[in-house]
Amino acid sequence: MAEQAARPCCLGWDFSTQQVKVVAVDAELNVFYEDSVNFDKDLLEFGTQGGVHVHEDGLTVTSPVLMWVQALDIILERMKASGFDFSQVLALSGAGQQHGSVYWKAGASHVLTSLSPDLLLHKQLQACFSIRDSPVWMDSSTTVQCRRLEAAVGGAQALSCLTGSRAYERFTGNQIAKIYQQNPEAYAHTERISLVSSFAASLFLGSYAPIDYSDGSGMNLLQIQDKVWSQVCLRACAPHLEEKLGSPVPSCSVVGAISSYFVQRYGFPPGCKVVAFTGDNPASLAGMKLEEGDIAVSLGTSDTLFLWLQEPMAALEGHIFCNPVDAQHYMALLCFKNGSLMREKIRDESASCSWSDFSEALQSTEMGNGGNLGFYFDVMEITPEITGRHRFSAENRQVSAFPGAVEIRALIEGQFMAKRIHAEGLGYRVMPKTKILATGGASHNRDILQVLADVFGAPVYVTDTANSACVGSAYRAFHGLAAGTDVPFSEMVKLAPNPRLAATPSPGASQVYEALLPRYAKLEQRILSQTPGPPE
Ligand SMILES: Nc1ncnc2c1ncn2[C@@H]1O[C@H](COP(=O)(O)OP(=O)(O)O)[C@@H](O)[C@H]1O
Ligand SMILES: O=C(CO)[C@@H](O)[C@H](O)COP(=O)(O)O
């Protein structure tokens, strides 16, 4: 093979719900390498669906932590086999699905610091976890713990003011409380608790990496203005929790140099810096170069809508996280659990398992779908807390089914109308200059993006890769190289490719959806009033 020219770069990782992904970005901030390992397809032995195990109670959702480790082994071995020149990696950072938690067993730190380069990671970490099935963001089994936490701080609004969110079932503090109450022995044998992001950073660091402010904001434990753990929240969840979490750090922190394991096994340079990993949505904000006034829509396993905030605005719906690229600012986020996995189900039922048939259905149906509206929540939705499928005719009569193409458009229009209604409910407005930045796997689908543009009445832009969390992590790694120089992140990414226009609102779209949105909102309230909330 011809000698490859040296190409200094940074790596960006994403330990998301369904995959481990990596990109390599060169000094001109161009992506020149991408790979991913899909848990369901490439690690069949773990038997996951959509990267997770949904337990029999229908509420508990976990992922095997060793599956994540093994996926990293696979991707690194593939890179090595492809001849990737690890010696050019100046720094790396990454992201993880938010809120998930990893429980390192007492003594695991010694294993992490003395890994043999002759063996794969998963072979050496088999006995390092006191909980082998990590709770993840799709879990909704901790309602009892949520109410206790809110009571401990003076109510939902007080908790939202303190930590950026009322208590949410998927948030890590409530998950830790459940493990302490239901598995006290495992909790006692746990010497460190990581988020998925800081767990992944720990693998590269060869020691426990700290939790960053931005992903730490998704725990119901961090005071988002003072950026310290809330003692009252820690005490309400579990004893000795602060020592198990370690101290949180600014998201731009260089947390150390890469472990000798990676230097000896893969040829990383000993000075390769590890920059704090963060949540996948904060990393996506970095990767899309999101600016104030823009709205980001991530269409991954979860759907999220997020935007840049200068000041926190406590609310009883949605979340405020510390901003991952500007320590003085924040980001607001709404999360929708019935995202890509719901779209896949309707695709399989109504479009013969084919995305091209799915697209044809969207192309063959009119904006507004003849007044038909649908709500599709096969798992308990987060925003709002509704479950089940609910269909309504133009006359607001509940019906049991739609024809295939109508079903597909009802799903997509409903998902985007929900996003717009709940965003506007929090005071966010589409302004004349608003850009919608779309990312995530479904942002590959031009016809889905057209509906997004129509419903929001705003142009939709995409970046070259849908893996914005990976790209944002690589950008943050480059920014880490400039640590101590006070170069702002925005300055560092100026040269990065700008998002490109993917869809603009169709003529007449605003009239159609200005009429439909209030109907959708009223029907959502009707369903909410008929749906029992999550079990107390
Ligand atoms: N052409 C497409 N149209 C719609 N959805 C798509 C398309 N291609 C991929 N997807 C969806 O993208 C999802 C994966 O998105 P991704 O952002 O990688 O997920 P995550 O980061 O949560 O693991 C898949 O579940 C799949 O349904
Ligand atoms: O819970 C949230 C955000 O609050 C989810 O967005 C998770 O962060 C999962 O991310 P994806 O795997 O869907 O990207």
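Of the 15 residues around ligand 1, those that come nearest are Ser 16, Gln 19, Lys 21, Thr 301 and Glu 344, a residue being near a molecule if one of its heavy atoms lies within 4 Å of it. The model is predicted, so that local features need pLDDT of at least 70 and side-chain atom pairs count only at pLDDT 80 or more, while totals for chains, interfaces and linings use all residues. Residues are numbered from 1 along each chain as its sequence is written, chains are lettered from A and ligands numbered from 1 in the order in which they are written, and side-chain values use heavy atoms, with hydrogens and water left out.

Polar side-chain atoms of Ser 16 and of Gln 19 each lie 2.7 Å from an oxygen atom of ligand 1. A polar backbone atom of Gly 441 is 3.0 Å from an oxygen atom of this ligand. On its own, ligand 1 has 580 Å² of accessible area, of which the protein covers 83%; areas come from the Shrake-Rupley method with a 1.4 Å probe. At least two residues of the shell around ligand 1 are supplied by each of strand S2 (19–26) and helix H15 (340–350). Helices (H or I, at least four residues) and strands (E, at least two) are DSSP runs, numbered from the N terminus.

Around ligand 2 there are 14 residues, with Thr 17, His 99, Arg 170, Asp 280 and Ser 302 coming nearest. Oxygen atoms of ligand 2 lie 2.8 Å from a polar side-chain atom of Arg 170, 2.9 Å from an N or O atom in the side chain of Asn 281 and 2.7 Å from an N or O atom in the side chain of Ser 302. The protein buries 95% of the 380 Å² that ligand 2 exposes when taken alone. Helix H14 (280–287) and strand S19 (330–336) give two or more residues to the shell around ligand 2.

The largest nonpolar core has 89 residues, of which Trp 13, Trp 68, Leu 76, Leu 92, Trp 104, Phe 199 and Phe 268 touch the most other members. Such a core is a set of buried Ala, Val, Leu, Ile, Met, Phe, Trp, Tyr and Cys residues joined through side-chain atoms within 4.5 Å, where buried means under 20% relative accessible area (1.4 Å probe, protein chains only). Helix H2 (residues 65–81) contributes the largest share of this core, ten residues. A second, separate core of 87 residues includes Ala 186, Ile 193, Leu 309 and Leu 334.

Conventions:
Buried < 20%, exposed > 50% of the residue type's maximum accessible area, 1.4 Å probe, protein only. Polar contact = N/O pair within 3.5 Å; in protein donor to acceptor, adjacent residues only side chain to side chain.
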